Amino acid sequence: LLDWKLCHLVQNQKSFNLIYNRNKYKYHQMNNNLNSIGLKKSPSDTTVVVAMSGGVDSSTVAGMMKKEGYKVIGITLKLYDDGKEVAESKQCCSGQDIMDAKRVAQKLDIEHKILYYQNKFKQGVIDNFVDSYLKGETPIPCVQCNQTVKFKDLFEVAKDLKADALITGHYVKSITTDNETNMYRAIDENRDQSYFLFNTSREQLNYLRFPLGGMLKDETRSIAKKLNLNVADKPDSQDICFVPNGDYASVIQKFRPDSFKKGNIKNLEGKVIGVHDGIINFTIGQRKGIKVSDKEALYVIKIDAEKNEIIVGPREKLGKKDIKLNDLNLLVNEEEFKNNIFVKVRSTGKLLKGKVNFNKDKTALVNLDEFEDGISPGQACVFYNKDKYGFKVLGGGWIKN
C-alpha cells in the first residue's frame, strides 16, 4: 500500500515499472517457473485473447500483455443496436466503445476482431432481463451477459484461435496453483467484480486470467497514460449497456408494452391501501415511489407477480435470515462449506456470515447469522471463504425467495 501511494507521488519510469510488474512478481513468488499469467511458457510463445470493451480497464490489460511480450489478439463484441440515446449515455459496449477499442488495438499494433452477437445477446440477456422483472424479480443482466455471451461464446472463439488464455479487465484476482486457477475478490473492494462472475464454470476459470485484481483504479489509469492510450481518462461506464440512463421501465415498455398493469398495494394485514402502475416499477426494500402514506415509512416487503400485488410494511419486516437458492454453480468441493462461510446477496452489499445447506437438485438454503434487509429474488447469493490469498469465490446461486 505504501508503494502504491509512493508511485502516485513519484511519476517516473521506475515507479511505473513497480506498479506494472507487481502482479507478475507475485505470480512468480507463488508459481516458480511460470509466466505472469501462471503458464509454463515464455510470453513470446504464449498467445492470449483480450476481451476489449473500449474502456480503460480492458485497454490497459491489452497494453500490459503486449508490453510483457505476449502475442495478443483483441476481440470486441457488438451486443446490441444502439440508438442515439444509448450511444450518448454512460454505458459499456456502445458504438463509440467499439471505435475506441479499435484505436487502442492500432496503437498497440495488435490484431483486433469485432464479433457481432446482437441476436445472442437479445435472446440470452435482454429477454431474460425482461422476463425476470415481469416475475417480480430484480435481475442482474451483467451476470447473464458474462455467462451466456462473453465467457461462453468468447471462450469458444479464443479456443478456436489456439489462444493459451482469455484475459479480461475485470477487477478480480486469479491465482493459479497446481494447474488450477481460483478466483478471489480484488484488493480494491470498491471495484471488486467477483459477485458478477460467480456463474463462471471451472473449465472457463482455468482458462481465464484477470490481471487487474491486484491493482487500484488509479494505477490502471496511470499505466494507460504511460502507454499513451487514448482512453486513459475515459469515464467508467455506469449504466447497464442496453438500459439508457438507468431507465429500466423504458426497456420493458419497448419489448413488452402490455406489461404495465395496474394492481393493488396491500399492507401486511392484507388491506388494500393503494394502487400501482405495474410491478416492474418496484423492487424489494424500495421506499421511494410507493405513493402511499402511513404513520411510519413504508417499504416494499414482497412482490406477488401472480396476483399483481405489492406488499408493503415497516422496515423491520425487511430483515431475513433464511434464503432459498436455485441453479447453484460451485467452483469448489462441498467439503469447503463444512464451516461457516461468507455470502454476498447484492453487488454493493457487505460480506455476511452464514451456513449453506445443499440439496440434491442444485438448490440450497442459506442461513445467515444476522438479519439482512432487502434480499431480492432474481439477485445472486455468492459464496466466499477466506484463505492466505484473500476472499476466495466458492460459487453461488440465484435467490428464489
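In which strand is Thr 181 found? Thr 181 belongs to strand β6, residues 180–185, strands being DSSP runs of E with at least two residues and helices runs of H or I with at least four, numbered from the N terminus. This is a predicted model, in which local features need pLDDT of at least 70 and side-chain atom pairs count only at pLDDT 80 or more, while totals for chains, interfaces and linings use all residues. Residues are numbered from 1 along each chain as its sequence is written, and side-chain values use heavy atoms, with hydrogens and water left out.

**View 1. Surroundings of Thr 181.** Thr 181 counts as buried because its relative accessibility is 1%, buried meaning under 20% relative accessible area (1.4 Å probe, protein chains only). Leaving aside neighbours within four places in sequence, Thr 181 is in contact (heavy atoms within 4.5 Å) with residues including Ser 174, Arg 202, Leu 205 and Arg 209.

**View 2. The largest nonpolar core.** This core has 49 residues, a nonpolar core being a set of buried Ala, Val, Leu, Ile, Met, Phe, Trp, Tyr and Cys residues joined through side-chain atoms within 4.5 Å. Helix α6 (residues 118–134) supplies the largest share of this core, six residues. Among the residues with the most contacts inside the core are Leu 77, Phe 121 and Met 183. Not counting residues up to four places away in sequence, Leu 77 touches Leu 115, Tyr 117, Val 149, Lys 150 and Leu 154.

Key:
Buried < 20%, exposed > 50% of the residue type's maximum accessible area, 1.4 Å probe, protein only.
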